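Please look at the sequence and the structure first.

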Amino acid sequence: MREGEPERTMQESTSPGTVVLFGSGESSPTGVSVYEAILRRMGRSISPRIAILETPAGFEPNSPQVAERVADFLRRRLAHFSPLVEVVPARKRGTPFSPDDPALLEGILRADLIFLGPGSPTYAVRQLRGSRIWHAVTARHLLGGTTVLASAAMIAAGVMAIPVYEIFKVGEDPRWEEGLDLMGRHGLSLVLVPHWNNSDGGKELDTSRSYMGRERFDTLRGLLEGDRTIVGLDENTALVIDLLEGQGEVSGMGGVTLIRSGRESFYAAPRTFPLSELGPFRRASGCDDVDADVWAAAVAALPPSGDAAPGVPELPAEVRRLVGEREEARTRRDWASADALRQRILASGWSVTDTLEGPAVEPRLKKPRPM
């Protein structure tokens, strides 16, 4: 804290937000069910603001398309929540799309959910560490926003990060690099490893443990210093870290492997476990590591107390299927089928409105009875 600066504390009404880790499947039916459950638990569940942070793939010439595919997926598959999805193009320092550009902060500071996904773990760390954007992500997390981390971003957010490309593609010796350590402020020293059960290499090449394979990962494990907890997350599986309840919830098709103090445990979905399994858990109670200006802007961006919208009823699976079939009919310009499917959706008690961001599905308003 700088001299003469007033002490900064978190608002009494706020708590750190949920952190969601994906071993893979963030853009799959598994992911949809996780997003839906998270949005229903959030205070602002109608038209939630979702920010897609482009940084992990910012070195790729097609990074805008990579991020937009995720954004489009969320708009379409969460259409019944009418989400406001924005891509934040914080690609590379020293460019017009720098993670230090104050003009890019608003999308993060106003977001109810922030998503970071595929790319390079080490690139993400280099671009984000100490940046205004990462300070903004941290501030939103401490003020109750949900943070979703998949693939490269999940690795980068740990206390130590695997240089996946450098080892798997270039052939460098196994080593660790310092990560962004998102969970360190909660007493958890986590090494995060997605794609734990990956089998892309078939019988000839072990690509488990984020393409490291068992042999190389055993070497990496031996290089870890200090009391670290390895969190290995299977593909098409999510781990929801609920800091308010102090528990982790596993969902999807696989499970999570925890390695701590030489002890290995496995929790298959659906399963919950106390966060003490990850280490000496405590909820962060301060914001001293967040830039003062960014913190002030994050607090100012919070919605007024009591401004939360009422919850959205769960969209039935049958209605979700009809909406998907209608979108397919519209894509192939089969307007008769699309109209018929709209009528079936209406008959189920839901309305569908076509917007530039995809179909918006809402409970159908009942007309008042005549007096």
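D334 and R332 form a salt bridge through their side chains, with 3.7 Å from N to O. A salt bridge here is a side-chain nitrogen of Lys or Arg within 4 Å of a carboxyl oxygen of Asp or Glu. The model is predicted, so local features need pLDDT of at least 70 and side-chain atom pairs count only at pLDDT 80 or more, while totals for chains, interfaces and linings use all residues. Residues are numbered from 1 along each chain as its sequence is written, and side-chain values use heavy atoms, with hydrogens and water left out.

**D334 and R332**
- D334 is partly exposed at 25% relative accessibility (buried is under 20% relative accessible area, exposed over 50%, partly exposed in between, with a 1.4 Å probe and protein chains only).
- R332 counts as exposed, at 53% relative accessibility.

- One network, joined by salt bridges with shared partners, contains E318, R321, E325 and R344.
- Within it, the side chains of R321 and E318 meet at 2.4 Å, N to O.
- R321 and E318 are 3 residues apart in helix α11 (residues 317-331), which means that about one helical turn separates them. Helices are DSSP runs of H or I with at least four residues, numbered from the N terminus.
- R321 is partly exposed at 36% relative accessibility, and E318 is partly exposed at 39%.

**Another pair and the total**
- R110 and E106 are joined by a salt bridge of 3.2 Å, N to O.
- R110 is partly exposed, at 35% relative accessibility.
- The whole structure holds 16 salt bridges.

Conventions
Helices (H or I, at least four residues) and strands (E, at least two) are DSSP runs, numbered from the N terminus.
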